[in-house]
Amino acid sequence: MKYCLIPCSILIVLLAAAVLTSRAVDTRVTQWRETLEQAQLCAQQDDWSGAQSHLRAARTDWDDARRFLHLIAVHDSLDAPDQSFRRAAVYAREGERAEFLAATAELIGQLEILRAWQAFSLRNIL
């Protein structure tokens with residue numbers, strides 16, 4: 001029984017860490033998605049300063065989360081959202097509605113993929 005205690009304790013700690021990490025990513029992606037959707041609404045109303053403001057807020061929060069994300073995610077999966085943020089910022093600056101909406105939709109999709117990869121699920125554990 002003693003020999004089983006340490007491995008079981010380690011397993012419990014690892015599972016708890018996985019659950020907490022999954023929840024943290026889920027929370028951040030939800031925030032980013034909501035902010036980007038607000039940016040899209042502003043762009044649809046030709047409020048480009050509002051769109052830029054929301055996009056900048058999402059980007060700042062994304063940058064703040066980078067260190068954490070680099071610990072838990074494959075680095076290549078973080079490059080695509082970086083590029084999409086930059087592309088969306090250019091379209092917002094230029095007032096290109098269709099391109100901005102497409103770039104932010106692509107960005108939301110990339111963030112959803114990140115959420116799915118970090119979700120606490122049997123598929124991801126195995």
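Residues 24 or more positions apart account for 67% of the contacts in this protein chain that have a separation of 6 or more, where contact means heavy atoms within 4.5 Å. I start there, and the rest of the talk goes through the chain and then some single residues.

First, what you are looking at. This is a predicted model, in which local features need pLDDT of at least 70 and side-chain atom pairs count only at pLDDT 80 or more, while totals for chains, interfaces and linings use all residues. Residues are numbered from 1 along each chain as its sequence is written, and side-chain values use heavy atoms, with hydrogens and water left out.

Now the overall layout. The protein chain has 5 helices and 0 strands. Both kinds of element are DSSP runs numbered from the N terminus, with helices being H or I of at least four residues and strands being E of at least two. Read from the N terminus, the order is α-α-α-α-α.

On dimensions, the C-alpha atoms fill a box of roughly 65 × 25 × 20 Å along the principal axes. The radius of gyration of the protein chain is 18 Å, whereas a compact globule of 126 residues would have one near 14 Å. That radius is taken over C-alpha atoms, and the globule rule is 2.2 Å times the number of residues to the power 0.38.

Next, the surface. Of the 126 residues, 30% count as buried. Buried means under 20% relative accessible area, exposed means over 50%, and partly exposed is in between, with a 1.4 Å probe and protein chains only.

As for charge, there are 14 positive and 16 negative side chains, and the centres of the two sets lie 8 Å apart. Lys and Arg count as positive and Asp and Glu as negative, with His and the chain ends not counted. Each charge is placed at NZ of Lys, CZ of Arg, CG of Asp or CD of Glu.

Now the aromatic residues. How many aromatic pairs are there by the ring rule? The count comes to 3. In that rule, rings of Phe, Tyr and Trp (its six-membered ring) pair if their centres lie within 6.5 Å; planes under 30 degrees apart count as stacked, over 60 as edge-to-face and the rest as tilted. One of the pairs is tryptophan 32 with tryptophan 62: the ring centres are 5.1 Å apart and the planes are at 65°, so the pair is edge-to-face. This pair links distant parts of the chain, with tryptophan 32 in helix α1 and tryptophan 62 in helix α2, 30 residues apart. Tryptophan 62 also pairs with phenylalanine 85, and here the geometry is tilted, at 5.9 Å centre to centre and 40° between the planes. Phenylalanine 85 sits in helix α3 (residues 76–94), 23 residues from tryptophan 62 in helix α2, and this pair too links distant parts of the chain. Tryptophan 32 and tryptophan 62 are both buried, and phenylalanine 85 is buried as well. Trp32, Trp62 and Phe85 form one aromatic cluster.

Staying in helix α2, we come to leucine 69. Is leucine 69 buried or exposed? Leucine 69 is buried, at 2% relative accessible area. Beyond its neighbours within four places in sequence, leucine 69 is in contact with Val25, Trp32, Trp62, Leu78 and Leu114. Leucine 114 is 45 residues away from leucine 69 in sequence, and their C-alpha atoms are 9.6 Å apart.

Back in helix α1, there is valine 29, which counts as buried at 1% relative accessibility. Leaving out residues up to four places away in sequence, valine 29 touches Leu111, Glu112 and Arg115. Glutamate 34 is also in helix α1, but at 47% relative accessibility glutamate 34 counts as partly exposed.

Which residue has a positive phi although it is not a glycine? Aspartate 46 does, with phi about 60°. Aspartate 46 is in the loop between α1 (2–44) and α2 (48–72), and is partly exposed at 47% relative accessible area.

Last, alanine 98 lies in helix α4 (residues 97–118). Alanine 98 is exposed, with a relative accessible area of 56%. Its C-alpha atom is 9.0 Å from that of glutamine 44, 54 residues away along the chain.
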